[in-house]
Amino acid sequence: MGFVLPPGVSLSNIGTNGRIEFSGSYVNATASQAATAVSTLGSGYSLPQVGGITNFAGSVACGAGTSCVVSSTLGTSYSSWQVSGRYATDFKVSGVTITPSLAVFGGKSRNSQTLSETNLVFGGTASVRYDADTKLDWTDWGARAGLSGSVPVTDWLTFVAGGNAGLAMRRVSLTGSDSVNVFVGGVPFFAPTFSATTSSATTTAFVANAEASVNIKLAPSWALRAFGGLNYDNKVPGVSAPAVVLPFGFGGASTPVGVKYQAETSYYAGGGLTVRF
């Protein structure tokens with residue numbers, strides 16, 4: 001939503017239709033995944049924990065001539081909100097409307113994941129149960145500069161294309177905890193092993209958007225719009241895997257999990273109907 005600046009306001013003298021716009025968005029998404037794998041490692045395997053330990057409870061031999069069957073489920077819950085304020089104005093150049101803009105924005109995102117993994121060893125006579133919970137939060141604030149162009153193809157058809165790019169100051173926090181339980185014949189064989197970790201990081205991310213749309217005038221007060229575009233972020237936060245230092249046996253060690261970044265491109269498409277009254 002927004003409003004056109006009235007005559008006499010300094011910003012309204014730059015181009016035409018000088019306007020201030022406010023927008024917001026909210027995303028909530030969940031996912032569930034499951035997988036099963038079989039290993040025939042007779043010497044065993046190592047299970048590092050999020051806090052930086054790999055001890056005897058997490059180092060279990062498959063057993064000579066047998067296999068390890070690993071079943072896991074992963075649950076993900078993601079939410080994100082963002083608000084922004086934007087100033088835009090129009091310039092007419094040879095029948096084309098050019099619209100530069102400047103926006104400031106801020107928001108917060110959270111990605112929570114739970115992992116449960118059961119490892120059947122020694123032909124299924126023993127098992128290792130691993131449970132982990134991580135929460136990744138990040139806060140953004142920054143600015144974007146944008147430019148778009150609108151070309152009237154006919155009296156009823158208009159093509160629009162443009163995009164924006166900017167920087168986001170990003171502050172990330174990570175908390176994680178997990179546990180390992182070993183069972184033999186369905187009875188606990190060791191006391192559970194727990195670990196936990198917390199970390200934080202700050203970075204500057206490059207964010208960009210590109211979009212094209214077609215506007216179809218159905219009637220003097222009715223218009224149909226179809227659009228498609230992409231969003232790019234070069235530093236989406238994630239959780240780094242631990243690196244094993246002592247991979248097997250008593251007193252094993254590993255590096256704790258931490259914050260990592262990865263570039264991400266997402267695509268979208270949609271449409272809408274505008275009615276003026």
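Let's start on the surface. Leu218, Trp222, Leu224, Leu273, Val275 and Phe277 form a nonpolar patch there. Together they have about 680 Å² of accessible area. A patch here takes residues with over 30% relative accessible area and no salt bridge; nonpolar side chains (Val, Leu, Ile, Met, Phe, Trp, Tyr) are joined within 5 Å, and like charges within 9 Å. Areas come from the Shrake-Rupley method with a 1.4 Å probe, and for residues only the protein chains shown count as cover. Two elements give two or more residues to the patch: strand S12 (222-240) and strand S14 (258-275). Strands are DSSP runs of E, at least two residues; helices are runs of H or I, at least four; both are numbered from the N terminus.

Valine 275 lies in S14. Its relative accessibility is 37%, so it counts as partly exposed. The cut-offs: buried is under 20% relative accessible area, exposed is over 50%, and partly exposed is in between, with a 1.4 Å probe and protein chains only.

A word on where this comes from. This is a predicted model, in which local features need pLDDT of at least 70, side-chain atom pairs count only at pLDDT 80 or more, and totals for chains, interfaces and linings use all residues. Residues are numbered from 1 along each chain as its sequence is written, and side-chain values use heavy atoms, with hydrogens and water left out.

Now the overall picture. How many helices and strands does the protein chain have? It has 0 helices and 14 strands. Buried residues make up 32% of the 277 residues. The accessible surface of the chain is about 15,500 Å², and 63% of that belongs to carbon and sulfur atoms. Next, contacts, meaning heavy atoms within 4.5 Å. Among contacts between residues at least 6 apart in sequence, 70% join residues at least 24 apart.

On to strand pairing. Two strands pair if DSSP finds at least two bridges between them. S9 (residues 157-184) and S11 (residues 193-219) run antiparallel, joined by 24 bridges. One example: threonine 175 has threonine 198 in S11 as its bridge partner. S11 also pairs with S12, again antiparallel, over 12 bridges. There, alanine 210 is partnered by leucine 230 in S12. A hairpin joins S11 to S12 through 2 residues.

What about the inside? The largest nonpolar core has 12 residues, including Leu47, Tyr130, Ala132, Trp138 and Val257. A core means buried Ala, Val, Leu, Ile, Met, Phe, Trp, Tyr and Cys residues joined through side-chain atoms within 4.5 Å. Strand S8 (126-152) and S9 are the elements that give two or more residues to this core. S8 gives the most, with 5 residues. Setting aside residues up to four places away in sequence, alanine 132 touches Gln113, Thr114, Leu115, Ser177 and Asp178.

Next, charges. The whole structure has 9 salt bridges. A salt bridge is a side-chain nitrogen of Lys or Arg within 4 Å of a carboxyl oxygen of Asp or Glu. Arginine 19 and aspartate 90 make one, at 3.3 Å from N to O. That pair links distant parts of the chain: arginine 19 is in S2, aspartate 90 is in S6, and they are 71 residues apart. Buried or exposed? Arginine 19 is buried at 16% relative accessible area, and aspartate 90 is buried at 10%.

Arginine 170 and aspartate 233 form another, at 2.8 Å from N to O. Here S9 is linked to S12, across 63 residues. Arginine 170 is buried, with a relative accessible area of 3%. Aspartate 233 is buried too, at 15%. Salt bridges that share partners also join Arg19, Glu21, Arg86 and Asp90 into one network.

Compare arginine 171, also in S9. Arginine 171 is exposed, at 60% relative accessible area. In a regular strand, side chains alternate between the two faces of the sheet. Beyond its neighbours within four places in sequence, arginine 171 contacts Asp137, Trp138, Thr139, Ala201 and Thr202.

Asparagine 17, in strand S2 (residues 16-39), has a positive phi of about 55° although it is not a glycine. Serine 94 has a positive phi too, about 50°. Serine 94 sits in the loop between S6 (68-93) and S7 (96-121), and is exposed at 76%. That's my tour; over to you.
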